[in-house]
Amino acid sequence: MNQDPDPHLPHRSARTGLAAPDVSNPGSAIDYERFLDCVHCGLCTAACPTYVELGNENDSPRGRIYLMRGVTDGRIDLTPGVRRHLELCLDCRACETACPSGVQYGKLIEPFRVAMETTEPNGRGKTHDWFHRWILFGLFTQPRRMRAALVPARLLQRLRIDRWIEATGLWRLLPQRIGRLLTLLPRLGPRTPDLPSFLPAVGRRRARVVLFKGCVGDVMFGSTNWATARVLQANGCDVLIPESQVCCGAIHYHAGHSEPARELADQNLAALKPADVDAIVVNIAGCGSMLKDYGHHWHDGRQADRTAFAAKVRDVSEFLDELGLVSPPGPIPHKVTYHDACHLAHAQRVREAPRRLLRRIPELVIEELRESDLCCGAAGTYNLTEPEMADRLARRKLQNILETGVRVVVTGNAGCLLQIARESRLQGHVLRVLHPMDLLDLSYRNECLTI
Amino acid sequence: MGSTRLESSFDQRPISATLRPADARELAGVVAGAFGEATAVYPMGGETSIDFGLPASRPGVGLSTTGLDRVIDYPARDMTITVESGVRLADLNAVLGAERQEVPWDVPAAALATVGGIIATNFNGARRYGCGAIRDHLIGVTAVDGRGVTFHGGGRVVKNVAGYDFCKLLCGSLGTLAIITQVTLKVRPLPEKRGWAAVYPDSLPQAEELLAALEHDPITPTAIELLGGREAMVAPLDPDRPLAILVMFEGMDCEVDWSLGRLREMVGRLRIRQLDAPFTVPHDFHERLVEFPARGGAAIVARGCLPPGQLAGFLPKVWQVDPDCALQAHAGNGLFMLRMARIPSTGLSRSFVAFLQAEARAHHGSLVILSNPAGVEVTRQSTFGGGNAPYHVLESVKRQFDPANILNPGRFLYP
Amino acid sequence: MPQNLPTTLVPELLRIVGVEGVLAARADLMVYECDGFVIEKNSPDVVVFPTCTEQVARVVRCCRDAGVPFVPRGAGTSLAGGCLPVGGGVMIVLTRMKQILEINTRDRYAVVQPGVVNIWLTQALRGTGLHYAPDPSSQGACTIGGNVATNSGGPHTLKYGVTVNHVLGVECVLPDGEIVCLGGPVDESPGCDLVGAMVGSEGTLAIVTKIWVRLTKNPQGYRTMLGVFDSVDDATNAISAIIGHGIVPAALEMLDQGIIVALEAAFQFGFPLDASAVLLIEVDGLEVGLDAQQQQIVELCRQQGAREVRLARDAAERARLWKCRKQAFGAIGRLSPSYCTQDGVVPRTQLPHILRRITEIGNRHRIRIVNVFHAGDGNIHPILLFDERDPEQVQRVLQASNEILEDCLACGGSVTGEHGIGVEKIGFMRRMFTADSLDVMARFRSALNPDNQLSPGKMLPTAAGCGLEMKGSHRKAAV
């Protein structure tokens, strides 16, 4: 038997220190106590999408923690195989929900992956390629460039060429990730006008909020942003939408690029002025989760400001549920099902609020979705960088949705919306994928839902 | 006493003497001696199921456990009891009754049948449906293997996963692996009330409708009995009806009353002729029902088990073989008991082995002959129904427990 | 490549399960060196992921021919080292055999593969009015195959029984590679009950590849109560009173003050922080009888000195109470950096005695012990709090654990009610069973597993004694 050598002692000093990561050891900057929080009970495993799909414990939260600890302790090398297991993590945090011991898995895997990228010799890290540099960082996080890039896409859609490309599978001939991007594009409506910088409360003023519009969301979900703003107004909120806000930085941070993310965070701190408002409201779960994490991603002189900022961040469903929803008047006589976005249900622990809001809509029926909180495979940019696993999870999600027999799926995250819609289009199913605010907005405006 | 036993075909001729040890140690000594001499040992309890299995063929001694009749420990508030294996079921329940508790086993001739014998034959009855099988009540066992070695499995607490579960293994082993000397049982409180309902379905499909409806309703019967044939209709049931379903409820007054009302509605919806519910029965009705397999006069008594939903499809084949066959099925569990009026004219090999037993197997079930007093065509095949159970696995277990093959040799599934 | 394997073995395994189904790199094997029990560790030499029974059989034959030990594993949530590959060899991981093959509501059974997670089955049964009764606290992750191996329990076993009471049949692969079926979708088959003996055999007899399980009707209603007591004695007396009164609750759990404080910090349920103990009591069954049973229980609790008995108002509150109970062990992290839990059983009437003894033992060894357990079954889970980085404390914890289990045995109980022997408690087997009984157990094992090539070093001590005796109970774990 190879008894585990007592691994704690040499690392105890790492508890408080936040020295630059040791080039050979990406775990050296992680508070070792966080590894010890894991009692190896295994209750997280079945909550993990990659484990459920693959059945290999190396692709489970418990296994990944064990691998990271093994690398940190020097028991194993950071081999390409080990890297793969860690890269395959969706960072969906379902394991944190499942963990009875309160292990903060995100605080292990995220810094570890950041360090794994920065310590990769010769800049050959997975995210140092052209796709990350030009598309993910260069385009996605820049609404203006993104909008420009969507002009030809709109044209393709208007001419229905996109459907032809999808139906014939021609998209597979494009560079893989570009092809996937193309198929992920939702049916783009006519370009929505930009949101103004201020929208006043309707009726008695109950709160003053800032709306965070996101970068991708602002462009691809302009109508959802408008719907969110209107719902907030209808609930008595003055809505501020400062133009100087920028991308939340999640795409960079999760790809292991900590510095650019820090810069974005600080720009948002300056733009959104948390002290002046009751809440910073976000309608994209992924962004919301990142904003709420600003307080502990970086350890420099600005931690207190970021923590104060993070304390004001609310997902829009969470916010409205706490505020007390003004009864939406218009009936929507449809059956819908609700998919729990990981970054809402697991990272932010917001599960019941959106359901409670939806239940207030007259005549709307919510059918329970099997595995509603299992990741759909979108996971930020995961569906672009890990296509195989992303597809497996998308198929699984769609299968569960189809089993409910409903045609409308509601979910609170942009990535999930795109991912589920893409899968149903590729499989030829008619499915409406909506944000809860889209439905509430219809109800407040007494409009019908068309499928 | 003949009338309270299975009709006996057990040929006692190979047995030179029957020993009745006074305690477990003495019993182990007898077995150890027999092991040394390779003498066959035929374990016996109340001898109520003595002719189940193949006849004894090798000379040997009978070994009665009836001397082992002590209650070892009865911590009533723990709801367990530890007794020696020769304690008779009626005596056991008398002891338990004083504390308003019971072991809910339904076996014929309870005044004779011993706890050890009931376990060895795994004789489950009507209340298996609501109360669980014999194996579910047995939490500890002490036994003597074929070398005379005393061993135990389980313990005296209701939850225990240490070691192999010999309690389960010895259920239904017919004394061929070891002789049980002492057991610890989980007991249950006596219910406040018991109530019966009886209905007369016109046909098996109609019966199946009710049986399936019972499975899909929150109602919780203790027993669901399907009876068929004149001889099965215990008074006051109408012997002229082809079928009857009896449903028993136990529990608090209000639960039993509610359940009977609910059943009445269910039966009404299905338009089944109903006797009455509550169905007033004589005080010994349940006991007389339980005696069904032991009443005299049957040419063949057989016992089978099928997935419950398959009963309605299987039973017509039984009546095809013998139109006068009487049936008592613990229908909720798919267990059934058949009493044939006569040996089928086509012989057992055609009517049983090639037909009924093959049909039962085709439904994942089994059909064994418990009693065949005339000793007609008694073979391992006709008695146990053949089938694809892994007999070689059972055999290798047997060899470990009884290396000299002295315990009930030749009477069970293995030679 | 490990040196003690024949060179032909891995290529042969690759031919059977394909490249996706074999792990042989050291880094990949490391995570399989332990399960929920982390004290003993040993890496397997190879891990294989069969996807069907035939593959399991071929893998087993391959191991047999190579003379290599092999051990099955499910989700690896065992708390007793049930999945530890003692002596290395091939680990057969069944997590890719995860199909629910059949659900039959008429005959109330389901057929599942061993890798199906316990709760998946109950989820798949939603809407049928049926459920799968055994509900170990790890049910969100543990597999039914693993439950069969360890005969798992759970809070609701008080009324509904443990795994063995719900298994009708198994298909399994014997250590010689033969596939056999024991039992099936019927309640009884002729012959001795090999199915019953297979359940709880901790993977030492065969590898189970398919399971027929009994499904249970959902009760019509529930009443869930929280009895609050000012002394542990009163609470344990109330347990005896309830059981002795002839009431069989669906569940009867006790939590003492230490655990209440931790749970309150974690979940803010509103537990009374000054109570010495609370009982979580649930009755279920026909709606018409529940109020009366509830009243009786309330009355009995009051008679035993309960300060108050609270009632769960609705399904949501009931769900929250059960969530608190099932996640109780996780909340321990708030009390202490490490903990170790035991799994003793005593006759129910001995609960007041054993709890007093636990307090004494804790005081004597200066170890804080909190309790949350299946009181109705007499199945205690004392949780010993310590810091694993202090070796002297670890020693005291080991000593205290040992004494508690000794006391359970002295009361006529057992050292394990639901976690299993595994490698952890193998040293206690000689205390629970005579040499003759252990010999018969070893003979029984050899009937199916003659060369002890399957799961060696588990459950039964070897003739030479056991090297692992009790050094392995200092661990943190969630139940």
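The model is predicted. Chain C and chain B bury about 6400 Å² between them, and the contact takes 82 residues from chain C and 75 residues from chain B.

**Area and composition of the interface**

- Carbon and sulfur atoms account for 59% of the area that chain C and chain B bury between them.
- On the side of chain C, the residues that lose the most area to chain B are C:Arg106, C:Glu188 and C:Leu286, which together make up 13% of what that side buries.

**Polar links and contributing elements**

- Between chain C and chain B, 30 residue pairs are in polar contact, with both residues at pLDDT 80 or more.
- The rule finds 9 salt bridges across this interface.
- A salt bridge joins the side chains of C:Glu188 and B:Arg303, at 3.3 Å from N to O.
- The elements of chain C that give two or more residues to the side touching chain B include β9 (179-183), α8 (232-244) and α10 (287-303).
- Helix α16(C) supplies the largest share of that side, with 11 residues.
- The side of chain C that touches chain B consists of 35 nonpolar, 31 polar and 16 charged residues.

Technical notes:
Residues numbered from 1 in each chain as written. Chains lettered and ligands numbered in written order. Predicted model: local features only at pLDDT ≥ 70, side-chain atom pairs only at ≥ 80, totals over all residues. Heavy atoms only, no water. Contact = heavy atoms within 4.5 Å. Buried area = accessible area lost by both parts, 1.4 Å probe. Salt bridge = Lys/Arg side-chain N within 4 Å of Asp/Glu carboxyl O. Polar contact = N/O pair within 3.5 Å; in protein donor to acceptor, adjacent residues only side chain to side chain. Helix = DSSP H or I, 4+ residues; strand = E, 2+ residues; numbered from the N terminus. Nonpolar A, V, L, I, M, F, W, Y, C, P; charged D, E, K, R; others polar.
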